Structures are given as structure tokens and as C-alpha cells.
Amino acid sequence: MENDESIDPEDWMSAEEENLLVQALDKLEDDIRTEVESTVVADTVAGERSQQPARYRKLQVRSPVSTEGEIRSTAQNGEQSTHNEEHSGASALTDSLVTISSGTEEECINLVSSTDNSQISVVDLTTETPLEKYRGKYLKVTDLTAQAWCEQQLVYSFAVPREILETPAMARGTDLHLAKELEVHDIEQVDVKTREDAWAVKLLNIFISLTQLISGAQKIREMPIFGIPFGQGIFFSGIIDEIRWSETEGLELVEFKTRVRSKTLPSASQRRTHKLQVSLYKHMFDNAVRGELTKEALTAHLRLRLDRPISDSVLKHMEKLDLNTNDLSGIADKILKTFQFLPQISSLTTEYTSQSDSAPFAAETYDFDEVWLKEEVAKSLQYWKGEREPVGVDIEEAWKCHSCLFEDKCEWRQRQAEKCVKNNSINQVTIH
């Protein structure tokens with residue numbers, strides 16, 4: 001069993017902070033429905049691939065219902081979001097140390113018991129599925145990575161009103177992410193009027209990323225990706241940090257993670273979520289390369305009107321790309337064809353950067369395991385489809401609870417404490 005209690009909780013941006021940051025950055029797109037990012041090319045580079053990527057212009061979409069300052073403050077880590085929730089009052093709770101007996105092995109963890117019997121209402125599976133209740137039309141890839149850390153924590157983050165406070169580590173991580181983005185492109189804003197406009201810019205972002213790779217750029221960053229993994233009937237959207245050409249002329253998919261102080265890798269549990277993230281990105285990218293992604297998915301899952309005319313503010317950028325169309329249908333056709341000019345992703349990497357000096361210090365590569373990924377996705381989607389209740393961490397990973405914002409109110413944790421007390425009582429009776 002891995003023991004992560006020796007890890008300095010202030011040394012890493014914790015998984016709790018990482019998940020909350022991702023969730024906070026995710027929700028603006030759902031709330032205002034129109035804000036996305038788009039990349040629009042300034043110059044196309046032809047010929048041999050150089051060591052420096054082509055520099056192009058990236059458009060940051062300005063929502064008509066939000067100020068520029070609000071967008072800029074939240075739109076620097078892929079899929080944007082806002083979290084205007086108020087912190088709910090917490091009841092007084094006490095900690096009790098419980099010894100858990102399992103065969104001949106005993107493990108001690110701190111479990112919380114409530115003094116006022118207050119409860120958190122999470123999901124009513126009889127009315128609507130969690131997907132409909134919390135996400136609406138589709139999931140973010142980061143929803144599954146948060147689930148892999150602690151599904152119960154993810155559910156509480158949706159269900160319990162609270163204010164998400166940005167820690168210095170979170171702010172620094174966002175700044176480093178933006179700095180990497182600005183290494184390869186500039187940022188410009190564009191107005192959108194409809195959801196079709198917003199998705200048009202997202203599709204343009206994909207198109208520009210693909211054409212940059214095809215025409216000579218060594219790397220691209222912040223590329224949207226979407227799909228329906230393993231035909232499970234649920235649409236996913238995400239943002240790939242980086243795709244670059246490897247020395248063997250293959251495509252390497254890279255995810256960036258930051259480290260606060262010491263230059264050591266995070267726990268195996270956290271690294272597992274990183275593997276899940278890049279694996280799911282590869283699966284959706286490769287599906288598009290194989291021609292398995294269709295534009296009808298945009299209509300079926302997002303309820304977009306493919307034939308709705310795109311606004312002039314977006315069309316002017318399409319003209320720079322010689323896209324002779326004025327609706328989503330034409331853009332989607334072009335993108336899906338362009339995907340097929342590229343090879344599938346050949347390698348997966350998570351790169352770790354120190355916040356102290358902004359320098360990468362380690363990289364972990366993964367073998368793509370499609371069987372494992374399919375099982376993880378299927379298990380996660382059981383919850384989103386309303387086929388089961390949410391679950392918390394196993395006893396072996398109860399150390400995660402100590403840094404969780406919901407530790408004092410977690411029903412899963414309370415139930416595990418009650419089981420421990422019951423099991424201990426039974427064992428004591430048996431011994432006597």
C-alpha cells in the first residue's frame with residue numbers, strides 16, 4: 001500500500017487544489033454558453049519542420065455577457081469557467097481515531113463523525129441523471145480525472161455551494177500555463193453572438209492546430225478535442241496542452257503539471273489521473289484521425305444547428321484560412337478531413353515543471369493501454385448515467401481525505417467510520 005502521508009501538503013499543488021482549479025476553469029463555458037478560445041493563423045510555414053514552432057495569433061472569445069477583465073482572469077487554462085458560489089456554513093464536527101481490522105492487517109485513519117447529524121444532499125437519481133443535473137449536454141475530460149481521484153469529492157464540488165478561493169500555488173500554475181501558451185502564439189479577442197459562433201471558433205482552433213502541424217510547425221498548444229469515447233453515448237470535450245513532433249517523426253501528446261517547491265514526482269494516485277487524462281485525449285484524437293468522428297455528434301449531443309449562419313466577426317477569420325463556408329457544417333467537414341492527413345498519437349507524456357524556477361524537471365511517459373482506459377471510462381460513466389450512487393476513496397487511500405475541503409461533511413466517510421466501529425466491535429466479541 002502506498003503511504004502518501006509523508007508528503008508535505010504545502011509542497012505540491014494538491015490534487016484537491018488541482019481539481020478545484022480545473023473545475024473552476026471549466027464552468028464559465030457552461031454558464032455563459034458562448035465563451036471558448038480560438039486560434040487563427042497569421043502565417044503558414046511550409047517546408048521542413050524547424051526547431052521553433054510557427055508563430056500564429058490566438059483569439060480569445062469575448063462573451064457579450066461578460067467583461068473583458070472577467071474573461072482574461074479565468075480563460076488561461078484551456079476550457080474556461082467561473083465559480084460564483086457562496087460558502088455555506090459548516091457545522092461543528094469532531095475527529096475520532098478508528099482502528100480498522102482487515103484479516104491480520106490493521107490500518108488507522110482519521111474518520112469524521114458529525115455532532116449534529118447534518119447531511120449533504122448529493123444526487124436524486126429518480127429525477128435526472130448526474131450528467132443532466134451537473135453538466136447538461138457533455139462532460140469534460142477533467143471530470144473523469146477528478147473522479148479518478150475521488151468521485152465523492154467531485155460530486156460535492158457540484159452540489160455544495162461554496163466559494164472557490166485561488167491559492168498562490170493555483171495562481172502560479174495558471175501563470176506558468178499561460179506563459180507556455182504565449183511561447184507559440186499571441187492572443188486576440190473576437191466577439192461571438194451565438195452558441196454556433198462559439199463552437200465555430202473552437203473548431204477553428206482545432207483546424208489551425210492541425211494545419212500548423214501539417215505545414216511545418218514543431219509543436220502546437222491548447223488544441224480543443226472532442227468525441228464519444230468507446231461509443232458509450234456521452235460526448236466529451238477537452239483541451240490538449242501540447243502536441244509535438246518527436247525525433248522519430250511521430251506525434252507526442254504532452255500534458256503540463258506544476259510543482260510548488262521540491263523537484264519530486266507526485267503520488268502514484270495523482271500520476272494515475274494524469275495517465276488517464278492523456279490516454280483519453282489520445283483515444284479521441286486517434287478516432288478523428290481514423291475518420292470515426294462525425295459532425296452529427298455536434299447536433300445529437302450539443303443540439304447545435306449546423307446550418308445556422310456564422311456571425312461576421314467569426315467569418316472574417318475563416319476567410320483568412322480560405323474556408324469557403326458560412327456555417328458549422330462546412331467547418332466540421334473541413335476539420336474532419338484535415339485530421340486524416342496526420343498520423344495517430346505515438347507517445348504520451350506528462351511534463352512536470354517547478355514553480356520555483358519555471359523549469360521542467362521530470363517527464364513521465366506512458367504506454368497506451370486501451371483495455372484499461374475502456375474499463376476506466378465505463379466505470380466512470382456508470383455514475384454519470386445514473387446507474388449507481390457516487391463512491392468515495394478506498395480505505396487504503398483515506399489519506400486523501402485530510403486535504404479535502406469536504407472532509408467534515410462527507411457522508412461516504414461517515415459511513416466508512418460506522419462500518420469500522422461495527423467491525424471492530426464484532427472482532428472484539430470474537431476475540432473474547
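A polar contact is a pair of N or O atoms within 3.5 Å; within protein, one must be able to donate a hydrogen and the other to accept it, and residues adjacent in sequence count only if both atoms are side-chain atoms. Helices (H or I, at least four residues) and strands (E, at least two) are DSSP runs, numbered from the N terminus.

You're working with a predicted model, where local features need pLDDT of at least 70, side-chain atom pairs count only at pLDDT 80 or more, and totals for chains, interfaces and linings use all residues. Residues are numbered from 1 along each chain as its sequence is written, and side-chain values use heavy atoms, with hydrogens and water left out.

**Exercise 1. Helix α10**

Task: Find which residue caps the N-terminal end of α10, then work out which residues of α10 are buried and what covers them.

Solution: 
- Step 1: Start at the cap. It is Asp327, which has a side-chain oxygen 3.3 Å from the backbone nitrogen of Ser329.
- Step 2: Check the length. The expected span of a helix is 1.5 Å times one less than its number of residues. For the 12 residues of α10 that gives 16 Å, and the end C-alpha atoms are 16 Å apart, so the two agree.
- Step 3: Sort by burial. Buried means under 20% relative accessible area, exposed over 50%, and partly exposed in between (1.4 Å probe, protein chains only). In α10 the buried residues are Leu328, Ser329, Ile331, Ala332, Ile335, Leu336, Thr338 and Phe339.
- Step 4: Think about the pattern. An α-helix has 3.6 residues a turn, so residues three or four places apart point the same way.
- Step 5: Look for the cover. The elements over those buried residues include α6, β7, α7, α8 and α9.

**Exercise 2. The nonpolar core**

Task: Say how many residues the largest nonpolar core has and which helix gives the most to it.

Solution: 
- Step 1: Set the rule. A nonpolar core is a set of buried Ala, Val, Leu, Ile, Met, Phe, Trp, Tyr and Cys residues joined through side-chain atoms within 4.5 Å.
- Step 2: Count. The largest one has 73 residues, and Phe285, Leu298, Phe339 and Trp384 have the most contacts inside it.
- Step 3: Name the helix. That's α6 (residues 195-215), with 10 residues in this core.
- Step 4: Zoom in on Trp384. Contact means heavy atoms within 4.5 Å. Skipping neighbours within four places in sequence, Trp384 touches a set of residues including Pro130, Tyr134, Leu144, Phe158 and Ile234.

**Exercise 3. Salt bridges**

Task: Find how many salt bridges the whole structure has, and explain what the one between Glu151 and Arg388 ties together.

Solution: 
- Step 1: Recall the idea. Side chains of opposite charge can pair when their charged atoms come close. A salt bridge here is a side-chain nitrogen of Lys or Arg within 4 Å of a carboxyl oxygen of Asp or Glu.
- Step 2: Search everything. The total is 18.
- Step 3: Take Glu151 and Arg388, whose side chains meet at 2.6 Å, N to O. Glu151 sits in helix α4 (residues 141-159) and Arg388 in the loop between α11 (370-384) and α12 (411-431), so this pair ties together parts 237 residues apart in sequence. Both Glu151 and Arg388 are buried.
- Step 4: Arg271 and Glu364 meet at 3.0 Å, N to O. Arg271 belongs to helix α7 (residues 268-289) and Glu364 to strand β11 (residues 360-366), so they link parts 93 residues apart in sequence. Arg271 is partly exposed at 22% relative accessible area, and Glu364 is partly exposed at 21%.

**Exercise 4. Strand β7**

Task: Decide how many residues of β7 are buried, and which strand it is joined to by 8 bridges.

Solution: 
- Step 1: Count. In β7 (residues 219-227), 8 of the 9 residues are buried, so the strand is largely enclosed by the rest of the structure.
- Step 2: Find the partner. Two strands pair if DSSP finds at least two bridges between them. The 8 bridges of β7 go to β8 (residues 236-245), and the two run antiparallel.
- Step 3: Pick one bridge. Met223 is partnered by Ile240 in β8.

**Exercise 5. Positive phi**

Task: Is Arg303, with its positive phi, buried or exposed?

Solution: 
- Step 1: Read the angle. Phi of Arg303 is near 55°, and this residue isn't a glycine.
- Step 2: Arg303 is in the loop between α8 (296-302) and α9 (312-320).
- Step 3: Check the surface. Arg303 has a relative accessible area of 57%, so it is exposed.
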